[in-house]
Amino acid sequence: MNLLYLTIIVPLLSFLVLVCIGRHIRPINVIIIGISTMLMITLITIFSCIDFSTNTVPDMTLVYTRRLWEWFSVGDFVVPIALMLDGLSLTFLVLIAFWGLFIYFFAACYLTCKKDIYTFYAYSNLLVASTLTVVLVDNLFVMLIGWEGISLSTYLLIGIYYKQLRNSYAAIKAFVIMHLTDVFLIIGIFLLYQTVETLDIRHILTQAHDNLAIDSDIVFWITLTLFLGAMSKSALFPMQTWFTETTLAPMPAVALMQSSTVILAGVYLVLRLNNLFMMSTDVLNLMALMSSLTVLFASTIALVQYDIKRIITFINLAQISYLFYAFSTQSWNLSLTCLINYTVTSTLLILASAILIKKCQGERNISKLGGLVKKYPLLYAVFLIVMLSLSAMPWISASFYIKGDIIWGLMAKNNLISGSIGLLGILLSSLNILRLIFIVFYHKQKIHHFSKTKWISYCPILILLIFTTAIFIYFPLPIKGIIPIAELDTKGKLPFQLLLAAVTLLSFLIAYTLYAHPNSEVQDILNTPMVKFFVRLCSVDWHFDYLINIIFVRPYIYLANLLKKDPLAVWDNWFMLGIKKINSYIVSLENGHIRWYMVSMVIGSIIILMLLIFI
């Protein structure tokens with residue numbers, strides 16, 4: 001664990017090297033530098049896991065701290081650069097290292113353009129270094145460095161094809177959206193320091209538990225601002241815009257941003273400060289509300305999309321909500337298991353879609369594909385396994401137990417609305433992935449020319465498929481003493497599991513009716529005015545961008561035009577003109593006539609005398 005600092009230094013140096021000389025070296029050398037960087041991080045992670053397990057004492061919480069140097073100090077306010085490794089940060093380190101290695105390896109087989117290879121590995125190294133900074137540092141102020149680095153690297157990855165105007169606007173839009181909530185995070189950190197007089201994470205949790213009252217005003221405002229800061233990184237509604245804009249990046253970059261780096265940052269912040277969030281019931285309820293809106297927003301929009309990238313993006317966006325459902329019920333250990341399952345499923349879905357798009361010569365419109373089940377049976381099998389995970393296949397997939405327990409926790413806390421929306425989200429997610437499978441693999445074949453892909457690109461996918469099974473929900477995580485272990489009431493759980501299984505089977509039936517062999521009755525239903533209105537609404541993303549434009553963008557542009565000439569400068573000009581005018585009158589009084597000067601002196605003396613008498 002003494003080499004832990006290298007997990008941040010190595011990708012940062014690799015980023016600097018590739019930015020400086022990446023344009024001038026061969027693509028194979030760029031790939032070697034990129035994969036070697038992630039391989040070194042993975043090896044250090046493996047050594048850290050071995051060291052951590054050998055030093056762990058039963059019934060004790062192992063926390064390794066490595067103080068590097070003191071960044072700066074102002075009076076009593078000292079900000080050290082120090083790394084902290086415990087069971088929670090080790091779990092995130094493993095996720096980032098191994099999943100990053102899979103994606104880097106896949107990118108080496110997938111990317112062909114020299115510029116894409118150079119930019120992907122350079123910017124991805126910066127993203128990995130920033131995420132690891134967030135995960136490993138023990139001070140919230142230092143965490144801001146990694147937090148801002150994530151925003152910057154996301155901007156760079158989305159804007160890889162910056163010469164296309166649409167991509168440039170999308171990158172700027174994502175950068176602005178992320179920084180809107182970063183302001184709230186900074187405010188939350190200031191409030192924390194003002195309240196507990198420390199920014200050390202462990203001391204914050206101790207001081208908050210000892211000195212702050214549950215559901216007090218200061219706890220509410222601190223947790224609210226911190227949650228708003230985490231919302232943009234976790235892409236919760238209404239801060240999901242940057243997440244949908246990632247579709248403009250290359251598929252390996254999409255996988256890195258959506259599954260194994262950016263999303264982990266917001267989730268880690270909430271998990272790390274779980275004891276603080278447990279003290280604010282209102283913020284936990286707000287998490288459930290935002291999660292419900294995100295599920296409805298993403299799941300319904302995915303139903304009418306035809307771009308593969310947008311379909312899988314909205315599917316992944318809906319799955320993130322279950323993490324915050326678990327937070328709202330204080331099932332912190334379950335949320336971590338849900339995060340691992342989300343990371344596996346989303347990465348599989350993105351990588352499988354990337355291979356599908358490449359085989360179809362870049363065609364992303366599913367209505368122009370079809371009949372691929374016999375031509376690509378392995379790819380079809382991958383999509384089927386992903387479908388089983390997304391649809392929470394009863395007693396087979398890990399998500400059946402994970403999502404089932406999350407929704408059961410909502411029901412147990414009498415949050416029936418959120419629990420019902422959670423069940424609806426499983427139904428809609430299943431419909432979304434089944435719609436994609438039926439159209440792409442079963443409908444009439446419309447494309448006959450395909451590109452070849454390297455068989456080795458399937459290796460990361462085949463490895464990840466193992467983690468979708470129900471076996472891995474029982475894999476022990478080293479979080480004892482760090483995250484509270486919630487005990488769910490199992491009374492009446494079996495009927496609920498049967499209900500969840502019924503929802504899954506219902507989704508299969510609806511999908512088969514709508515997408516496999518649609519008949520005339522189905523077409524008549526789809527042509528009703530209500531369904532057409534719903535389709536139009538979802539096709540334009542609930543008019544979300546239009547509303548943002550009306551509420552925020554247009555007033556901002558109006559004020560910018562109004563202040564274009566700087567009203568203060570105009571008033572200043574009028575003031576100067578007045579002074580000049582008065583000065584011109586005074587100057588005109590200097591006419592050289594002695595009589596005028598004498599009269600002026602007498603009048604002045606009289607005025608002064610009157611002032612002395614009456615004041």
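Predicted model: local features only at pLDDT ≥ 70, side-chain atom pairs only at ≥ 80, totals over all residues.
Residues count from 1 along each chain as its sequence is written. Local features need pLDDT of at least 70 and side-chain atom pairs pLDDT 80 or more, while totals for chains, interfaces and linings use all residues, and side-chain values use heavy atoms, leaving out hydrogens and water.

Let's start with the hairpin. Strand β1 (residues 64-74) runs antiparallel to β2, with nine bridges between them (strands are DSSP E runs of at least two residues, helices H or I runs of at least four, numbered from the N terminus; pairing takes at least two DSSP bridges). Valine 74 has phenylalanine 77 of β2 as its bridge partner. Two residues sit between the strands, and glycine 75 takes a positive phi near 65°. Strand β2 (residues 77-85) is largely enclosed by the rest of the structure, because eight of its nine residues are buried (under 20% relative accessible area, with a 1.4 Å probe and protein chains only).

Next, look at serine 259 in helix α10 (residues 251-260). Serine 259 is buried, with a relative accessible area of 0%. A polar atom of its side chain lies 2.3 Å from the backbone oxygen of alanine 255. Leaving aside residues up to four places away in sequence, serine 259 touches Ile103, Leu264, Tyr342, Thr343, Ser346 and Thr347 (contact means heavy atoms within 4.5 Å).

Finally, the helix pair. Helix α5 (residues 140-158) packs against helix α8 (residues 217-234) at about 35°, with the axes 12 Å apart (axes are lines fitted to C-alpha atoms over the stretch in contact, and angles between N-to-C directions run from 0 to 180 degrees). Trp147, Ile150 and Ser151 of α5 meet Gly229, Ala230 and Lys233 of α8.

Conventions: Buried < 20%, exposed > 50% of the residue type's maximum accessible area, 1.4 Å probe, protein only. Polar contact = N/O pair within 3.5 Å; in protein donor to acceptor, adjacent residues only side chain to side chain.
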